[in-house]
Amino acid sequence: MKDHMHHATADHDAAAPAKSCCAHTGHGKPAAAPLATTRLQGDTSGVTYTCPMHPEIRKAGPGSCPICGMALEPVMPAAVDDDSGLQAVQRKFWIAAWLTLPIVAVAMLPHLLQIHPSIEIARILRGVELLFSAPVVLWIAADYYRRGWMGVVNRSPNMYTLIGLGVAVAWLFSLVATFAPLLFPAQMRDAHGMVGVYFEVAAVIVALVLLGEWLELAARGRTSAAIRQLLDLAPRTARRLRSDGTEEDVPVELLQIGDRLRVRPGEKVPADGHVLEGRSTVDESMLTGEPMPVDKHSGDRVAGATLNQTGALLIETDRIGADTLLAQIVALVAQAQRSRAPLQRLADQVSAWFVPAVILTAMLAFILWWAVGPEPRLAYALVSAVSVLIIACPCALGLATPISIMVASGRGAQLGVLFRDASAIEALRNIDTLVVDKTGTLTLGKPTLDQVLVAPGHTEAEILALAAGLELSSEHPLARAIVAGAAARNVAPRPIVEFQSLTGRGVQGHSVNQRIALGNRQLMQEIGAGVASVEAQAEVLRTEGRTVMYLAVDGALAGAIAVGDQIKPGTPAALDALRADGLTIVMLTGDARATAEAVGRILHIDVIHAEVQPADKAAIIARLQQAGRKVAMAGDGINDAPALARADIGIAMGTGTDIAMESAQVTLVKGDLNGIVRARHLSRATVRNIRQNLAFAFGYNAIGIPIAAGALYPAFGLLLSPFIGAIAMSLSSVSVISNALRLRRAAL
């Protein structure tokens, strides 16, 4: 329900309405879809896979990307890591390694030991090389040919196109040289009429590529560690109370909305809900990033997966499965990890022509060596062309940005900072102006009734009864403060009919033929109610930071109600840190100017806009942007939705278990502005990491490809071996991923 009291003080914020998949009931209602946390290792049924470089690719079950050929990975990792793909690569590597070792020994030992075998022995040794290399090249490498060909068919030749082409050229050349040596020039044949072969090159390249893929998959697995840690937080069972008062242990997947659950000290809360009985402290650090435990007692909300510490609690569930806070966090992190950052555009543009350019370079190297190189020219031409094909690695370029985004999104979740997409991570570092609303952002959002001002001819009880009647159905913090204050003074709310909300001014209704209005000074002016009798006292309260609302009966002032809201404990330090970081702090509030300025003085706010209508917040942000400012807006994500959408970065302040993620690009789970400080540090570290990755990938290929083509040979007599090219290619992607993983340990 939209809060009508927001119209009286335009920055008063509401908590997000509780989400649920079905109405609040007890047993017998269908349970919500559970958060998938118990998928067995190796069980890929019903799991959607995607490519880390091409998130638009979706496939049911594991496989390889039709665009780049890389191994697909689950869109949503399981709590238990599925390493079946890694194990398959490991098995292939060990088979390839054991088959390749004899080939290398046969090819290299005669040269190392300076042995000159007879023609018969030389042919036998060559047959051994062919025999052992055939399974490696024709069977183990078959998947590389398939991936490379898929890239060609999809008009996006990839790394495996280059690998497959290089391996096939080396092996087929050797096959022809073995069985038809007379097809080659005389300069290439030795005294026995035999031509040099490269069976060991083809086999070693396959083995080294497998080793690189092994290391890469292992490193990529660690990039999803943050999501798996979140998933692993969810308890597997819950202790549910039956209708007869007895207890039973049930899997969390069977929980229903309205279930009553017993949570003992040291146990995890099974689902989102509110406390019915008991008092305890709960560790919420795993979801909010805040280390201090939170006191919980009757009526307080608790989130699933948080750790109950000191006392026993009886809770009633109101969110289960995919609607829980944990599920929302995991879904948002997974979405951010698969999004594409603006910095990715450069890599995408280069990747589009990268493989064709490498193939062209390899062909030119082959032609030049064959035309002007030393003897045996054809052998040199083949080695340089294969080296160019093997050393080039478009995957390092393609992974440079998404792998950093994946790690940064997970790291943010551990800190209680949730990014909606990669562009938010990249853009947050450029913000120079932070716009904040007051209630629920700078303050706790839990106001209390402070004082009642009474006009002549009325009583405090009458004013409270009428105000509480107007506010009875509202969930707004100010409304709850008035209702709770009346109850504490044993004042019963008056029945109200014909209720009406007046945008930006207040509310009104009728009670026993009396016209009642509660709101700000503008509303009083509209109905002709003078406020002079209480205005002096009201102004004093405003200068102390209180919010004052006037109550009129039949167009005449009856009194006023002052409500106070404490500043959040971490707000002053957070604002100081943000100002030190170069940000200008702007406060937008619908409160009276005196109240706003009182809060502004305490917090040293740079610019204050008071008595702002809800629709005007977005206009003020637009003016700041027109002045060249990069603006972030921090609000509750509901009443501030237009302003959040208008800002360059919208930041929703979570309230522990209610997170308004739909309106903002960044969500602070705890609702603490210190999260913005951490988020900016993470944004800078991530962009710096991406640039390092891109520089490495560009530099690696810019240096490696010319060397492989033979650029150093004229001056230094050096020609890069395909072995070295395969090692370098395999390690390039691993280096990019390893650099991205440093973000997990970044000091924020």
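Author: E23 and strand E24 (residues 649-653) pair in the parallel sense over four bridges. Mind that this is a predicted model, where local features need pLDDT of at least 70, side-chain atom pairs count only at pLDDT 80 or more, and totals for chains, interfaces and linings use all residues. Residues are numbered from 1 along each chain as its sequence is written, and side-chain values use heavy atoms, with hydrogens and water left out.

Reader: What makes E23 and E24 a pair?

Author: Two strands pair if DSSP finds at least two bridges between them, and E23 and E24 have four. Ala632, for instance, sits opposite Ile649 in E24. Strands themselves are DSSP runs of E, at least two residues long, while helices are runs of H or I of at least four, both numbered from the N terminus.

Reader: Which strand does E14 join, and in what sense?

Author: Strand E14 (residues 433-436) is joined to E23 by four bridges, running parallel. Thr433 has Val631 as its bridge partner in E23.

Reader: Why is strand E23 called mostly covered?

Author: Buried means under 20% relative accessible area, exposed over 50%, and partly exposed in between (1.4 Å probe, protein chains only). In E23 (residues 631-635), five of the five residues are buried. Val631, Met633 and Gly635 lie on one side and Ala632 and Ala634 on the other, so both faces are covered by that definition.

Reader: What does Leu434 touch, leaving aside its neighbours within four places in sequence?

Author: Contact means heavy atoms within 4.5 Å. Leu434 has such contacts with residues including Ala632, Ala634 and Ile651. Leu434 and Ile651 also turn up among the residues with the most contacts inside the largest nonpolar core, which has 132 residues.

Reader: What makes something a nonpolar core?

Author: It's a set of buried Ala, Val, Leu, Ile, Met, Phe, Trp, Tyr and Cys residues joined through side-chain atoms within 4.5 Å. A second, separate core has 24 residues, including Ile463 and Leu470.
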